[in-house]
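Visitor: I have a model open and want to read it feature by feature. Where do we start?

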Amino acid sequence: MNSTVGQHVSPLSLPLAQHTVIFWILSVTLPLVVISYWSGYRRIAAGEPPLVPYLLPWLGHGMAFMNDINGFTEWVRSQHPDSPAATVQVAGQHLYLVFDTKLASQIYRRSKNFIFDPFNLMTWGIIGANRSDLEILEMGAQVEKRTPGFQDDGRRVLYDLHRMSGPALTGESLNRLTSLFIDTICKEIDTTFPENDDASYEWVRMDLGEFVKKTWTRASIVALFGSHIFTIWPRIEDWLWEFDEHFQSLLTKMPRFMLPKAWALRDEAWEFLEKWEDEALAAEKRGEIKETDDWDPYWGLQWVAVRAKYLIKQGISAKARAGNESVFLWGLNANTIPIAMQVMNQAVLSPTLLSTLQAEISSAQTGPNTFNMAAVTTAPKLKSVLLESLRWATASPSPRVVREDCQLGEYKLLKGSMVIVHSRTLQMDARTWAIDGVPGSAPEEFWAERFLDGDEREEENRIEENREAETEYAAETFAQTQAQAQARSETAKPHKIVEPISGPKSKEMQQRMLSMRPFGGGTTLCPGRHFATNEILGGLAALLLRLDVKIDEEALEKNGAPVPNLGKQGGLFPDRGLGVWIRRRRV
Ligand code: HEM
């Protein structure tokens with residue numbers, strides 16, 4: 001046999017030129033690898049969380065981290081299964097991955113030292129803020145070090161935007177937003193399955209996830225950004241999901257020739273969102289929008305108009321405003337819609353679960369097609385399915401920068417390093433979630449009954465953390481005393497709107513709830529969580545009151561049941577379609 005394929009080739013049999021190349025490669029890289037190992041271990045300061053070894057000097061675990069945060073964090077956890085935190089090296093910096101619920105809570109509470117604003121400013125820079133915008137945005141922002149020549153004229157844009165969202169997404173404004181959303185869902189369903197058309201009552205085959213994705217996306221855009229935006233930007237829904245695929249890569253700040261699609265999507269958003277704002281302002285000038293309107297087709301929800309006009313007044317450029325709207329538009333959908341798809345899939349995958357949920361919806365019904373939202377969102381089984389979907393299918397990494405050297409539990413954390421609480425690691429820890437003798441309770445399983453015990457205490461814990469963090473944030477932003485800042489935070493404190501759902505909570509459940517972090521915590525605790533709950537469970541109720549849905553058994557057998565696709569952050573999409581039969585329900 002002449003072929004050398006599969007045969008061992010001795011290095012000695014290589015030509016001299018190749019020997020020389022190998023010699024040089026080895027003499028350059030080997031010392032680097034050795035130094036990197038040696039210095040890597042030594043560079044860890046006394047008391048820092050244990051360092052995970054790495055090969056490439058400076059870059060460290062950077063590539064693995066950027067390529068697959070979820071897989072990488074899971075791998076780090078497997079290297080340090082009993083450690084509350086671990087250190088990894090990313091682009092010359094230490095990054096602490098936190099796996100312990102108590103440490104996570106400390107990070108969220110101590111908002112003065114574990115700061116989020118550097119990420120906020122970085123995102124603004126990527127989506128269009130110019131130098132002057134960044135100077136304005138830095139005023140009052142919590143940063144590790146100030147830009148040279150920094151001046152503060154008292155503007156507080158990041159803080160003000162942050163404080164506006166709480167009131168807009170709770171109370172009366174939340175109710176209005178929810179009804180706009182549910183009305184659009186109902187209209188969309190009525191358009192696809194008209195009530196007075198016999199054909200609507202025949203079974204048709206569909207992919208359930210795609211139907212939910214399309215309908216829910218349209219409804220949330222209409223509710224928040226109005227209906228006129230679809231005329232200006234007919235491709236908006238396609239843009240949204242393409243941007244979702246590419247946003248992460250923009251954070252690497254690689255040049256356009258390396259990320260042409262990602263930058264083109266950002267530019268597309270600039271073009272149409274600038275136009276959206278111009279046309280809304282023009283409609284206002286023409287007197288088509290009254291100041292008292294809480295929603296209009298041009299701006300959408302009043303809060304969105306108020307935010308946009310606030311940014312104009314603060315001197316933020318048109319591109320930065322458009323970029324900011326694009327990230328908002330993306331963020332509010334990219335988390336919620338995948339979870340809505342997961343909830344819907346799980347509801348129909350088990351006929352027993354489906355009929356229990358239908359029974360809960362029936363008892364919340366107020367008319368043939370209407371229901372009481374509070375009764376739906378607090379019904380035990382519906383709530384448990386939502387919480388289980390959030391546990392099973394979110395990967396929300398909350399990043400912070402360490403502002404000063406500090407002690408966190410048993411560890412010393414160094415100034416300038418990054419900390420990440422990766423919700424998924426907590427939500428998938430078998431020691432927290434698996435129950436002896438209950439095989440279905442393994443964390444990788446979707447178990448609809450897992451949260452029947454309730455979640456009231458969880459919401460209280462979050463609000464407590466949030467209040468502490470807000471007080472620190474306000475104290476610093478306005479250079480106030482702790483007492484003044486507390487008074488400011490109290491006036492804008494989040495509403496407690498989650499009701500107890502099924503009696504007292506067991507100790508075990510309270511412990512597990514501390515490991516639920518789909519909505520982050522502290523100052524950045526998601527203010528949209530109540531609206532997300534209404535979108536997902538209210539949307540499910542609206543759909544099940546209008547439509548009969550049953551699984552396409554043949555397709556399920558062929559394709560298998562969907563599981564979360566770990567390829568992104570935040571809400572995780574199902575990894576495959578779910579074929580179902582749908583028809584209009586006879587009432
Ligand atoms: C299931 C759905 C959702 C999930 C899992 C989710 C998750 C999160 C997380 C993890 C954060 C904190 C980010 C961090 O600390 O790094 C966050 C912040 C935020 N979310 Fe959500 N979110 C959801 C839905 C929504 C919706 C529907 C809205 C708006 C209508 C919204 C608006 C916001 C805003 C404005 C912030 C920034 C808060 C601040 O820094 O002031 N979210 N979300």
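Predicted model: local features only at pLDDT ≥ 70, side-chain atom pairs only at ≥ 80, totals over all residues.

Visitor: Where does Cys 526 lie?

Guide: Cys 526 sits in the loop between helix 22 (507–513) and helix 23. Its relative accessible area is 25%, so Cys 526 is partly exposed. The UniProt annotation "binding site", from an unreviewed entry, covers Cys 526.

Visitor: Which residues come nearest to the ligand?

Guide: Around the ligand there are 21 residues. His 162, Asn 335, Ser 398, Thr 524 and Cys 526 come nearest. By class, the shell has eleven nonpolar, eight polar and two charged residues.

Visitor: Which elements supply at least two residues of that shell?

Guide: Three entries go on the list: helix 14 (318–349), strand 8 (397–402) and helix 23 (529–546).

Visitor: And the polar contacts? What is the distance from His 162 to an oxygen atom of the ligand?

Guide: For these, look for N or O pairs within 3.5 Å. A polar side-chain atom of His 162 is 2.5 Å from a ligand oxygen atom. For Thr 524, an N or O atom of the side chain is 2.7 Å from an oxygen atom of the ligand. For Ser 398, the distance from a polar side-chain atom to a ligand oxygen atom is 3.3 Å.

Visitor: Now helices. How do I check the span, and what does helix 7 reach?

Guide: Compare the end-to-end C-alpha distance with the expected span, at 1.5 Å a residue. Helix 7 (residues 157–168) has twelve residues and reaches 17 Å, close to the expected 16 Å. Helix 17 (residues 380–392) has 13 residues and reaches 18 Å, close to the 18 Å expected.

Visitor: What about burial along a helix?

Guide: An α-helix has 3.6 residues a turn, so residues three or four places apart point the same way. Keep that in mind when you read a list of buried positions. In helix 7, the buried residues are Val 157, Leu 158, Tyr 159, Leu 161, Arg 163, Met 164, Ser 165 and Ala 168.

Visitor: How many residues of helix 17 are buried?

Guide: Twelve of its 13 residues are buried, so helix 17 is largely enclosed by the rest of the structure. Among them are Lys 381, Lys 383, Glu 388 and Arg 391, along with Leu 386 and Trp 392.

Visitor: Is Lys 253 buried or exposed?

Guide: Exposed, with a relative accessible area of 52%. Ala 91 is partly exposed, at 32%.

Visitor: One last residue. Where is Arg 512, and how far is its C-alpha atom from that of Phe 451?

Guide: Arg 512 is in helix 22. Arg 512 counts as buried, at 13% relative accessibility. Arg 512 and Phe 451 are 61 residues apart along the chain, and their C-alpha atoms are separated by 9.5 Å.

Notes. Residues numbered from 1 in each chain as written. Heavy atoms only, no water. Helix = DSSP H or I, 4+ residues; strand = E, 2+ residues; numbered from the N terminus. Expected span 1.5 Å × (residues − 1). Buried < 20%, exposed > 50% of the residue type's maximum accessible area, 1.4 Å probe, protein only. Near = heavy atom within 4 Å. Polar contact = N/O pair within 3.5 Å; in protein donor to acceptor, adjacent residues only side chain to side chain. Nonpolar A, V, L, I, M, F, W, Y, C, P; charged D, E, K, R; others polar. UniProt positions renumbered as here; feature names shortened; annotations may be inferred.
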